[in-house]
Amino acid sequence: MKKSIILLSILLVLFSSFKNSSVKFVEKKDKIDVFINGKYFTSYLFGGFRYNKIEGNTGVGGYDNGFVAKPVLYPVKTPSGITITRGYPLENIPGESRDHPGHLGILFAYGRVNRDDNRHSNATNEEFWDNSSDKRQIKHSKILEIKNGRNEGVLKTINHWIGGKGKVLLEEEREMRFKSIKQGYLIDFNVTLTSTDSTVVFQDNKCGLLQIRVADWMRETVESDWMKTRVPNSTGTGTYRSSNNEKNEQNIYGKRADWVILEGNKDGQKAGVGIFDHPESFNHPAYWMVRSYGMFAVNPLGQGDYEESQKIENPKWLNLTLHNGEKVNFRYRMIIYDGEKSDKEIKTLYREYCQK
């Protein structure tokens, strides 16, 4: 009886803690769970963890060595509990696509750092986008701040971009602010990269920078014959829309925009995810890597690669270069929500974000 009373008291304290705190973090080994209004939202996985290889992997889009080489937010759920991220490679969901094992949940990474001068070469010196090796990785170093709150929760970390030879090339200071508003959940990303090497060059590349790999039901219907041969079911319910009043991958990919959203329908329930590019973020308005197969990313560093793909005459190659101690800052907001949102609603939400 006494034990039951103690257990009940503990549960009441926990319930009260959740009730009085809109955002709560629960620290565990190699991860931090995020709860909003008492509901599980996502987990920040940072252990550099391994996973069991799943049969049927196509091997498309990067190495599958069973090692997640960067921190990720996974899984990601809407306020009603709909999971909008693909399970592979951590979960074996029958019928799900198994391309690009490096595309997991929400991540911040880049595909071409300190590459050789030939931009069309197949030799990559430092590849952080895919799960390429145990040595070459974005490694969690420490937590600077973890703060529960009624209006928002704050998680600040330090991560190190470590090259294949074990040398730290970049120090990443990442601030993530988790919020609940009537329109859905928000994550504000404020990321600063500082060069810790003599020279770090981000060669223009389509693979970057802040991405989410959505569940197959949320993607657009795959039109590419090349991808159709690599995914078991090429249909989807999603539609991309941009601030330029354009729709679908073919009209948004590789172009600049202030924001892009993707909405889909799971078993009659609609849900969406959007990414906003803040005016103070580097190279705003950013370029967008939106793929019908489910890759959705904002990428200000791929300028030349994207302009070339758009057949722009004399594409301007950015090749962002940071010397020792130099910094670059990126600011984005991600919104995850149930239902649908009009362009007018998204524009209002974007204006509010720009004022911060």
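How many bridges join strand β7 to β8, and in which sense do the two strands run? In this predicted model, strand β7, residues 152-162, is joined to β8 by eleven bridges, and the two run antiparallel. Within this pairing, Gly-153 has Phe-178 of β8 as its bridge partner. The two strands form a hairpin with five residues between them. In the turn of that hairpin, Gly-166 has a positive phi of about 85°.

The protein chain as a whole contains five helices and 18 strands. Of its 356 residues, 53% are buried. Among contacts with a separation of 6 or more, 63% are between residues 24 or more positions apart.

Strands β7 and β8 belong to an open sheet of eight strands, in the order β6-β7-β8-β9-β18-β14-β13-β12, with antiparallel pairing. At the edges of this sheet are β6 (137-147) and β12 (239-242), each of which pairs on one side only. From one strand to the next, the twist averages 20°. Helix α5, formed by residues 343-354, packs on the sheet. This helix touches β8 (168-181), β9, β12, β13 (259-266), β14 (269-277) and β18, and its direction makes about 40° with that of β14.

A hairpin of two residues joins β8 to β9, and the two strands pair in the antiparallel sense over twelve bridges. In this pairing, Arg-177 stands opposite Asp-188 of β9. Strand β9 (residues 184-195) is in turn joined to strand β18 (residues 327-338) by ten bridges, and these two strands also run antiparallel. Val-191 has Phe-330 in β18 as its bridge partner.

Thr-192 also lies in strand β9. With a relative accessible area of 22%, Thr-192 is partly exposed, because the limit for a buried residue is under 20%. Leaving aside neighbours within four places in sequence, Thr-192 is in contact with Glu-171, Glu-172, Glu-173, Lys-327, Val-328 and Asn-329. Glu-172 is 20 residues from Thr-192 along the chain, and the C-alpha atoms of the two are separated by 5.7 Å. The side chains of Thr-192 and Asn-329 are joined by a polar contact of 2.9 Å.

Phe-178, the bridge partner of Gly-153, touches Val-23, Phe-25, Val-34, Phe-41, Thr-42, Leu-73, Asn-151, Glu-152, Gly-153, Leu-155, Leu-186 and Ile-187, not counting residues up to four places away in sequence.

The structure holds zero disulfides. Cys-207 has a relative accessibility of 16% and counts as buried, whereas Cys-354 has a relative accessible area of 25% and is partly exposed.

Definitions and conventions: Residues numbered from 1 in each chain as written. Predicted model: local features only at pLDDT ≥ 70, side-chain atom pairs only at ≥ 80, totals over all residues. Heavy atoms only, no water. Disulfide = S-S within 2.5 Å. Buried < 20%, exposed > 50% of the residue type's maximum accessible area, 1.4 Å probe, protein only. Contact = heavy atoms within 4.5 Å. Pairing = 2+ DSSP bridges. Helix = DSSP H or I, 4+ residues; strand = E, 2+ residues; numbered from the N terminus. Axes fitted to C-alpha atoms, helices over the stretch in contact; angles between N-to-C directions. Polar contact = N/O pair within 3.5 Å; in protein donor to acceptor, adjacent residues only side chain to side chain.
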